[in-house]
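Hello,

Here is the structure I said I would pass on. Please look through the sequence and the model first, then read the notes below them.

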Amino acid sequence: MANVRIDRLHKEFRSHGGVVHALKELTLDIADGEFISLVGPSGCGKSTALRIIAGLETPTSGRILFGPRDITKLEPRDRNIAMVFQSYALYPHMSVRQNLEYGLRKRGVAREERDRKVATIGAMLQIESMFERKPRQLSGGQRQRVALGRALIRDPEVFLLDEPLSNLDAKLRVHMRAELAALHQKVQTTMVYVTHDQLEAMTLSDRIVVMNHGVMQQVGRPDEIYSRPANRFVAEFIGTPSMNMIEGELRIESGKPIFTGPGMAIALPQASLHMPAAKQATLGVRPEDIALVAPDTPGAIAARVTVSELTGAERYHFVTVGGGSVIIRTPASTVLHPGENVALGLHPDRLHLFGGAGEDAAALR
Ligand code: ATP
C-alpha cells in the first residue's frame, strides 16, 4: 500500500493540428488507502492522468511518487499497480480461474499459492461458482467482477480504475457501485477512479478531483464539493439537476449586500462583501434550496410554473422568474400545475455568488 504524490504533472500531445495541453501542472497528494475520483467532462484530462500514473503514457514534465519512490520512469509492470478498464479485457479463450491466475502464473507463483489466492479472491467477489466458465458465459456484472478479481489478486500498491462500470446497465451499475465501495472497505488499497459520472464519484470517494481543460478545479470531500464549490464550473458540473445560475448585479444598500436579478432583490449574508459592489454577478442556487412560500412572505419572489416533472420520489418544477427560468426540486407530494403562480424563498445560508457570466469568481462561502 502506498500514498501517491502527483507533482506538477504536465502533458502535451503534439499532432498535425497543433498542441493539446491534456494536463496542466496537476499536483495532488493521495493518502494511503484513500479512494479518490477524477471527474470532469469528456476531454478534461482525467484518463491521461490515470494513464500516466499507470505508466502507459509519459508525462511532458512532472513526477509521480509511490511513497518515497519516484516511479515516473518505471515501466508499468514495475510499478505494482493494477488497472481495471471500462472494457473488461478478459481473455476470451480462458476460464474465469485461468483469467484470475494468469498474472500469477506469469510471475512464476507456485501452484499452491495461486490456488489459495484464487480461492480468497473468488470468495471475496462471490465468483467461485463460475471458475470453470468462459467470459462469454457470464453476465456483464459477473465479467466486471472477474476483471476486478484479476486486478485484486496481484495485491497492488495502487488500484487504477477507468470508468469500470460504464458498460453496465443502470441497475447493475448501482449494484456494482455498492460492491466496489464494500470491496474498498475490505482491501483498503489506494484507489484512483476515473469517471464522468458525478454520482459515482460522490458515492464512492473519500475525495473528488474536479477537472476541466486539463486543470484541477477543486479537490475535496464529496460534501465540500457539493456545498462549497470553488468556482462556477464545479458548481454547475456537480449536482443533478444543475445549480440554477441567475445573472444580475451586486450592490450595497444601507451597508448591506443586495443581489438584484430578473424579478428579484435578495439580501445576502455580509460575507459576500468581499466581492466588489456594483458589479455583474451570478447567484447560484441549488434546486432543493428554493422553497415555496406564502405570497405575503417578506422578500418572496413571484414566479410562474411552466412544467412539472415527476421523477419518482421527487418532482422538478420549471418556473419563470422575471423572464428567466429556474428549476425547483421538491418531494413528489408537492403538486404544481403549469400556469400556476407561486412565491419562492431562497435559503440565505445556501446561496453561492460567482462573478458575472464568463468570469470565474469564488463562491460566496
Ligand atoms: P473522456 O471522458 O472522453 O475519456 P478524458 O477526460 O479522459 O475524456 P483524456 O482522454 O485524458 O480526456 O484527453 C485529454 C485531452 O488530450 C483531449 O483533448 C484529448 O483529445 C487529448 N488526447 C488524449 N490522448 C491523445 C493522444 N494520444 N494524442 C493526441 N491527443 C490526445
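**A loop residue to start with**

Asn-80 sits in the loop that runs between β5 and β6 (81-84). Helices and strands here are DSSP runs (H or I of at least four residues for helices, E of at least two for strands), numbered from the N terminus. The phi of Asn-80 is near 55 degrees, which is a positive value in a residue other than glycine.

Some ground rules apply to everything that follows. This is a predicted model, in which local features need pLDDT of at least 70 and side-chain atom pairs count only at pLDDT 80 or more, while totals for chains, interfaces and linings use all residues. Residues are numbered from 1 along each chain as its sequence is written, and side-chain values use heavy atoms, with hydrogens and water left out.

**The ligand**

Which residues surround the ligand? They are Phe-13, Val-20, Ala-22, Pro-41, Ser-42, Gly-43, Cys-44, Gly-45, Lys-46, Ser-47 and Thr-48. A residue counts as near a molecule or strand if one of its heavy atoms lies within 4 Å of it. By type, this shell holds five nonpolar residues, five polar and one charged. Nonpolar means Ala, Val, Leu, Ile, Met, Phe, Trp, Tyr, Cys and Pro; charged means Asp, Glu, Lys and Arg; the others, Gly among them, are polar.

Polar contacts are pairs of N or O atoms within 3.5 Å; within protein, one atom must be able to donate a hydrogen and the other to accept it, and residues adjacent in sequence count only if both atoms are side-chain atoms. A polar backbone atom of Gly-43 is 2.7 Å from an oxygen atom of the ligand. For Gly-45, a backbone N or O atom lies 3.0 Å from a ligand oxygen. Lys-46 uses its side chain instead, with a polar atom 2.6 Å from an oxygen atom of the ligand. Taken alone, the ligand exposes 630 Å², and the protein buries 59% of that. These areas come from the Shrake-Rupley method with a 1.4 Å probe; for residues, only the protein chains shown count as cover.

Two or more residues of the shell come from each of β2 (18-30) and α1 (46-54). The element that gives the most is α1, with three residues.

**The sheets**

β2 also belongs to an open sheet of four strands, in the order β2-β1-β4-β5, with antiparallel pairing. Two strands pair if DSSP finds at least two bridges between them. The edge strands, each pairing on one side only, are β2 and β5 (69-70). Strand β1 (residues 4-15) and β2 are joined antiparallel over nine bridges; Arg-14 has Val-19 in β2 as its bridge partner.

Another open sheet has five strands in the order β13-β12-β11-β14-β20, again antiparallel. Its edge strands are β13 (264-267) and β20 (351-355). Within it, β11 (residues 244-253) and β12 (residues 256-261) pair over five bridges in the antiparallel sense, and Arg-251 is bridged to Ile-258 in β12.

β17 (residues 314-321) and β18 (residues 324-331) pair antiparallel over eight bridges. They form a hairpin with two residues between them, and Gly-322 in the turn has a positive phi of about 50 degrees. Thr-320 has Ser-325 in β18 as its bridge partner.

**Rings and a cis bond**

There are three aromatic pairs in the structure. Rings of Phe, Tyr and Trp (its six-membered ring) pair if their centres lie within 6.5 Å; planes under 30 degrees apart count as stacked, over 60 as edge-to-face and the rest as tilted. Phe-233 and Phe-237 are a stacked pair, 5.7 Å centre to centre with 10 degrees between the planes. Because they are four residues apart in helix α8 (residues 232-237), about one helical turn separates them.

Pro-241 is in the loop between α8 and β11. The peptide bond from Thr-240 to Pro-241 is cis, with omega near -10 degrees.

Regards
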